[in-house]
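Here's a quick briefing for anyone opening this one up for the first time. Take a look at the sequence and the model, then read on.

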Amino acid sequence: MNPRAITLWAALVGVVSAVVALAVAEAVALLVAPSSAPLFAVGSFVIDIVPPWVKDAAIALFGTADKVALLVVLGVVVIALACAAGIVEYRRPPWGKVILLAVIAVALLAVLTRAESTAIWSAPTLAGLLAGGLTLHRVTRRLHRWEESSPELPLGGPDETTRGRIDRRGFLTMVVAVAGASAVVGIGARMVNASVTAVTAIREAVTLPKPAVVAPGVPAGAELGLPGLSPVISDNEGFYRIDTAIQVPSVETADWKLRITGMVENEIEVTWDELLALPMIETYVTLMCVSNEVGGTLVGNAKWLGYPIHNLLARAKPLAGADMVLSTSIDGWTAGTPLEVLQDQDRDSILAVGMNGEPLPLEHGFPVRMVVPGLYGYVSATKWVTELRVTRFDDENAYWTNRGWSALGPVKTSSRIDVPRDGRRITAGTVPIAGVAWAQHTGIDGVEVRVDGGPWLAAKLATAISADTWVQWVYEWDATPGQHEIQARATDSSGGAQSGDDSIGVVPNGAEGWHTVSVSVS
Ligand SMILES: Nc1nc2c(c(=O)[nH]1)N[C@H]1C(S)=C(S)[C@@H](COP(=O)(O)O)O[C@H]1N2
Ligand SMILES: [Mo]
């Protein structure tokens, strides 16, 4: 084969390897964070490090297209480096891989100097390195084999020419297939990453309205402040997350609207601006997942800001016979909530826009979600909500009720032991046994603790924020040496006791049983 052609093929191999590397990095960034993708990070890095006069010149030259210009320049540099890596790898292996490694090192530097970056942010770039390096190595080897197998001069018999041609076509097919598949994956992932980045910026620019009804402050005695005990307010970062969304939906506030439809006199539509202009209330509500095992962590308490759903329903005027509201999220997930719960003026069922003083985090439903005190999330807490359809339980099923879960999902009175942790070794003496208990919208009346199946002993309850939230509790235990089993149970304000029937699992409407931990005391 002529050396010119070989050089071109080798350069192509370099470009294909770069496409693979970038595509894999973008795909992995979907799982890590959109801004952890190396191309994006290098772009931001360049913006951060270029001297102001270059920035000014770029803006003067390209105006608002300055970002596009930057990406074009980056693209040209990447292609040039990729061609170089391909050619060098073909002629002087492993120096092509060394070029790749050097480029990756720069990308890593860019990624890890981003303000929000953590160590895990290196994963997309490293995955890209691995995939790109492997592609470069293997495809270059194939190129060598093809060259060795093709006749020096095309004057041999028909056999050789045929063989040469088949190899050429095979090589080309392989290269195009690899590049094409990667490009599809990479561009798709980049688009998703870009939309998440855009929505993140939109979220950061949101100013939440001042609440018309401010939540009374957290009472002084609500937080016992014991090490290991769940804080009475769960922070947004640590808040449990449950949903069916592989990729968090990106919903821009300008595009968002909520429609109230179905069995109503007036269908209504509310935009983001209209919603924010309505008088909002602030309320503490403990959210809870029906899939939480006894002692599990799928429960959290936050201060929500939102607009009461009963007000919107009053405007829509549900028709007689309706008994359910089917809420739908932008990605098609649904929940069926009893209409009377949402119409209840004494219950803070809201369309929430704020969580602990911030706009909802993307993964918790930005820009708008439902929060309903007293019901499990699967029948009430629709994130990224876009429609409330007034209907009947007889006529409609929701996402989880189609999969064997109960139509109604009132939370079950429960308690959890946070300290001491199961399996801990502790020293004899006075040891706090502490945890949280919840019976949303009913309130907790008391928590009792027992050791080794002995008598039930009353724990001290912290001050509850409200009946809609969990409450901390503590029992000062005089721990004696030996192996001990500790249990806790709660009673709610309606007199209902937490069920000890641990044969009842999470399906179809929530697990029962007393949380039990074992400790060894010495
Ligand atoms: N759009 C949407 N909303 C959803 C879900 C979902 O899968 N999709 N899961 C629900 C369930 S089962 C629970 S327990 C809560 C969890 O809310 P969180 O992730 O903010 O804690 O969201 C609810 N809202
Ligand atoms: Mo859930």
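UniProt positions are given in the numbering used here, feature names are shortened, and annotations may be inferred rather than shown by experiment. With that in mind, an unreviewed UniProt entry puts the feature "transmembrane region" at residues 68-88, 95-113, 119-136 and 171-192. This is a predicted model, so to speak of local features takes a pLDDT of at least 70, side-chain atom pairs count only at pLDDT 80 or more, and totals for chains, interfaces and linings use all residues. Residues are numbered from 1 along each chain as its sequence is written, chains are lettered from A and ligands numbered from 1 in the order in which they are written, and side-chain values use heavy atoms, leaving out hydrogens and water.

**Two of the annotated spans**
- Residues 95-113 are 95% helix and 0% strand, with their end C-alpha atoms 27 Å apart (helices are DSSP runs of H or I with at least four residues, strands runs of E with at least two, numbered from the N terminus).
- Residues 119-136 come out at 83% helix and 0% strand, and 26 Å separates their end C-alpha atoms.

**Around ligand 1**
- Ligand 1 has 19 residues around it, the closest being Tyr 240, Thr 244, His 364, Arg 369 and Lys 383 (a residue counts if one of its heavy atoms lies within 4 Å).
- That shell splits into nine nonpolar, five polar and five charged residues (Ala, Val, Leu, Ile, Met, Phe, Trp, Tyr, Cys and Pro are nonpolar, Asp, Glu, Lys and Arg charged, and the others, Gly among them, polar).
- On its own, ligand 1 has 530 Å² of accessible area, and the protein covers 99% of that (Shrake-Rupley method, 1.4 Å probe).

**Backbone details in the loops**
- The peptide bond from Phe 366 to Pro 367 is cis, with omega near 5°, and Pro 367 sits in the loop between β8 (358-359) and β9 (369-371).
- Trp 384 has a positive phi near 50° although not a glycine, and lies in the loop between β9 and β10 (385-391).
- Trp 384 counts as buried because its relative accessibility is 3% (buried means under 20%, exposed over 50%, partly exposed in between, with a 1.4 Å probe and protein chains only).
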